[in-house]
Structures are given as structure tokens and as C-alpha cells.
Number of protein chains: 2
Amino acid sequence: MQSKAKIIETIRRHKRFLISSHINPEGDSLGSALALRGLLVKLGKKVEVVWDGPVPPAYRFLPGTSVIKRKPSFSYDTAFIVDCPTLSRIGRTQQFIDKRKPLCAIDHHISNERFGTVNWVDPEAAAVGEMVYFLFKMFKVKPDRNDATNLYASIVGDTGSFRYSNTTPKIHRVAAELIALGVSPAVISNALYESTSLHSRRLLALALGTLKVDRGGKMAWIKVTQKMFSKCQATSQDSEGFVDYPRSLKGVQAAVLLREEEGGGVKVSFRSKSGFDVNRIARRFGGGGHRAASGCFIRETLPKAEAMVLQEIRKALRENAERSVRYTPHR
Amino acid sequence: MQSKAKIIETIRRHKRFLISSHINPEGDSLGSALALRGLLVKLGKKVEVVWDGPVPPAYRFLPGTSVIKRKPSFSYDTAFIVDCPTLSRIGRTQQFIDKRKPLCAIDHHISNERFGTVNWVDPEAAAVGEMVYFLFKMFKVKPDRNDATNLYASIVGDTGSFRYSNTTPKIHRVAAELIALGVSPAVISNALYESTSLHSRRLLALALGTLKVDRGGKMAWIKVTQKMFSKCQATSQDSEGFVDYPRSLKGVQAAVLLREEEGGGVKVSFRSKSGFDVNRIARRFGGGGHRAASGCFIRETLPKAEAMVLQEIRKALRENAERSVRYTPHR
């Protein structure tokens, strides 16, 4: 049986569900988890969304975020983990996962580790929201406006508002159907893109001051230190999206944000353009994600982590350059 | 006969076409003009796109921009003016318009002055590109990849990459069809949004350092000085879009960018959210625009211009607050 058929079967046969996703949630994880909850509730199931950590302020407009719990209040039959390549990324929610019960992963990360008893992984899906929308169709349940808003936000989040290369004809058709169901794209983009905090803008000013490029403009990176955070009274959420600044430079293939973490170590975000594979880089440091967007955590000081990451990217860029020379006979 | 039927009839009956649009072109004007050219050429017509002023660098990736002329090289039968509410906005191209010949306006501005002999004005259309795509369908001509790219860019431009309130189910369906015709959304967004210069990013870092808010966060402003420009080796084009940074703060109603000009004086850009009317403010200083986006030039020093502008905005915010108290009886 196909994995998505197994997911449908599992939903049909069970009654009590737990849904979770990765720590530091964003549009796709929250939107797809909350939309899945909407579907299951409409199917008469008992459902709880459990998350390690609070919902970031920017996403609190999503319908249903107020019912997200830190721990489950009942014993579930089946757990769903969405948009999560490894189980460890659900953080402290792991303690509530009962290994004797079905664990269903619904994900589109190519790096998904198939940690579930059922694993529906579709790297062709632009967002997990696209996969959850498919489930609505399979069960012939019409998403209400709240479900549609969560699904649309998940798509907007993971396609960069229909800008990334994962923007397919299909995802536009899904977006069209969701607007017809009552979604207001302007309300969602206002909440996601036009509700920045002053702290975040001040932090951006300092972070942009560290912007550097190398390899003839092919790589660019910025840094955020704990000192900057405290100077701007900013939190780690305020640096959300900063990696887009090195990424948006003309000619950049690999962009990096290095963020010094409060408890030590460095969170590294990678983005690429023109097909450079940052997933490969992130995996070298025990992280992962997609070709064009990945991340990892390095338990080192900021200067050390910076040197390690830059070295790997330089190496990959050099290898790519050599390969393209080798395979272009008419150059 | 309906105006769009008249447009179709006009295309059928004529052979030699001139196409133009407004000065300071952007995605929709360029994309729809070039796509219309693509359609007419495929119908065996002789066509020229004539424009007053050069194509801005950010749009030179659009297929066909290299054939845009400053003056026509042959005598046309019919002129098409796209995305242009008044004829005067085509600038010096007006001199080539022969008043004895058919003049067709294709536009979606509600304020269109119906200056043509045929006026197809559809304020429901998110972009003029949507209307030109309709013409392709009417003539049963399949847009090639270049046409589709121009149409997609026109839509991306006028919907703010599917973020504005004009983002309809229909426009998403059109976008889906265009991608199926070979458009690469990533290539378009890369050209439009991800080709920033390093100078511009460095300038942004300095400008963001001046970010201030007042009136409980309802107004926000940033400044760019000549000193900053020279420090970053940046030009005035590098500060394009900076006003979106104060604008995107949560709760901001009025956002301002004050830019010290090389020859003296200050260029002021205004943006608003939540219905605040910045056009009224800009007009006080001899400028103007729309309610949500306006500008003016003040022949004063930066500190003086700043004080003048902020005073006017504070006054308007105070008046709005008083008015809303007065008209809210149950407060």
C-alpha cells in the first residue's frame, strides 16, 4: 500500500490524535499542523496539537494557535509529525511519543529520515500544506475559512510567497481554490511581512553591518551575536528571515546566517540560488533540509563555526566550478 | 459592442501597430506591452514598442526589452496604450500619436480617463497582463515561453508577488497556466527581488540605524544622508524601496524616508497602512501621489525638512485620533 493510502487508512481507523512539528515553528509547520487538526476535528476525531515552545508572535494570527498545548491532556491512538525531517526536531515533545503506537510522518523534506511507522514523504510538494490539502480532498471535507487560511499560510511560507523554484502550476491552483474558500491573501501577507518589531529592525541594522561576500560574490554571509541581541532587546525570533539579505545579493549562490545562541553554539541557516546544494553543506555538520534552504547547529564559538562553514562552501563552489569546466567541452 | 470585442476587431482589421505605456516603467507596463507585442507578431502583424526613457536595469531580463524604441520607424495603423490611466503619462511618446488613427487603451486603473477611441478598462483585473493573456486565448494563440515570462512578470509586479488584496483565484489560475508554458518563477523573482547590490545593503545598514518611531508606533521614519551614500559608494537608486522598512513595522500608519539629495534639498517618500492618507501630507509640500504612496521634494536641510514633515504627520494623526473618538459613541 502506498504511504499516503496508509495515512488515510490510519486516520479512518483511529480516534484520538496528537499532532506536532519542529521547534522554532514557521508558516508551513504551523499552518499544516493546524489545518490537519481542522480536518481531523471535522471527521469527528479527538485531536490535540502539542508543541515544544511558544508560537512566535508573527504567527499568532493563524486560526487555532491558541489551542496549541505544551503537553497532551489525553492518551492518543496515533501521532502525526508534520514538516519534520527528524524526530529529534520536535524537541521536548518527544517525551510524549509512545513508541508502541502508530507514528505518522507527513513531510516534503528530501532529507526526511523515515522515523515513523508510516512515512508519507513527498519532496515534490512545495509545502506540507499542499499534502494536507490533498487529505481534505481524499476525505471529501471542504476546508472552512480557518483551515484554508492555515493551508495558504503554509504555502506562502514555504514558497517565499510564490517566489521560490518550488512554485509549481499545482501550488498556484491550490492557492486559487483556497482564496475561493475565503482566504484573504492581503491579511496573511500583512501579518507575515508587515508586522515587524522595532527590535528586529535595529538588530537587522547591526547584522547588515557584518555582511561579507567572497568568491567573486558567489557566497555571502551575515552574523548575529548575543551582544547584538541584548543591545537591541531582541530575541532569536527577531532575526527570522535575515538570511534573505545575503541571499538577495546579485550573483550570490550560497548565503549564510550565523546566529550565536544563548546557551552557546551557533545556529547556521543556509540559502542558495542558481541550484547550489546547501543541504549537502548542512549535512556535513549534522543538519539538513532542502537543496535551497537548510540549517544546522554547530557547538563551537562563532568565529570557529564561521571558519568551518565558509571553508566547506568555498570547497563546494570550487568543485562546482571545476565540474562545470570539465563538462562544458565547447567553452 | 463590448470594448474588449472592439479591441479584438481592431487587431483583426489592422496590420501595423504601435504599443506604448507610462514613463518610469515597471513589471506590469513592460510585461503587458511586450506580451501584447508577442501576440501581434504571432498574428503576422508589424509591431513596434515605443517608450519614453530607458528600461530600468532590474527589468532588462524581460524578453524583448532590447527591441524597445524611443521613436517609431514606420507609420502605424493603430496605437495601443497599456496600463496607463492618462495619455500624458506616456511622456514624449505623445508626439508620435496620430489623433486621426485608432487609439486603444487597455488598462485596469479605475481612474483611467478613457482617452482612447476604444477603451477596454477592467478594474477587476489584477494586472494588465491578465487582460493581454485573455487576448491570447481569444485569438487561440499559445504564448511562447517569452510571452509567458512577460505576462507572469506583469502579474508578479502588480500583485506584489501575490501579496496584495487584488490577488484573486483567477490570477493564481493564470499564473499556474503560465508556469505550465515554461515560466520559471524563481528566475523572475531572482531578477526582480534578488539582484540587490552590496552597496545597497551597506547603505541599508546605515539607514536602518536612523530608524525612529513616534506616536506610540503609529509613525516611523528613516534617513539617508549624502555622507552615507559616499561611505557605501552607493547611488540614489540603491535606496529604492527603503521606505518599506519603516512601513513594515507592526502598527505603523505613516512611514517616511528622507533622502538628502546631491544638489541640496530632501526627497521625501511617504507610505501608509490602515488607510492613513499620505497624499494629503505630500501635497502640503507641493508633492502628491496616492493615499498609500506619495512623495515630495523639500528645498531645506535634512534636519529642517525632517522637523517639517514629522510635524505635519503628528498633526494629522492627532486629528484622526480626535475624529475617531468623536464618532465612536460607545467608547
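**View 1. Strands 1 and 2 of chain B side by side.** Strand 1 (residues 16-20) and strand 2 of chain B run in the parallel sense, joined over four bridges. To count as paired here, two strands need at least two bridges found by DSSP. Look for Phe17(B), which sits opposite Val47(B) of strand 2 of chain B. Strands are DSSP runs (E, at least two residues) and helices likewise (H or I, at least four), numbered from the N terminus. This is a predicted model, where local features need pLDDT of at least 70, side-chain atom pairs count only at pLDDT 80 or more, and totals for chains, interfaces and linings use all residues. Residues are numbered from 1 along each chain as its sequence is written, while chains are lettered from A and ligands numbered from 1 in the order in which they are written.

**View 2. The open sheet of chain B.** Five strands line up as 2-1-3-4-5, with parallel pairing. Strand 2 (46-49) and strand 5 (118-121) of chain B are the edges, each pairing on one side only. From one strand to the next, the twist averages 15 degrees.

**View 3. Helix 1 of chain B over the sheet.** Helix 1 (residues 3-13) lies across strand 3 (78-82), strand 4 (103-107) and strand 5 of chain B, at about 125 degrees to strand 5. Angles go from 0 to 180 degrees between N-to-C directions, using axes fitted to C-alpha atoms, for helices over the stretch in contact.

**View 4. Where chain A meets chain B.** Each chain puts in residues: 37 from chain A and 37 from chain B. Contact means C-beta atoms, placed from the backbone, within 7 Å. On the chain A side, helix 5 of chain A gives the largest share, seven residues.

Notes:
Two residues are in contact if their C-beta atoms, placed from the backbone, lie within 7 Å.
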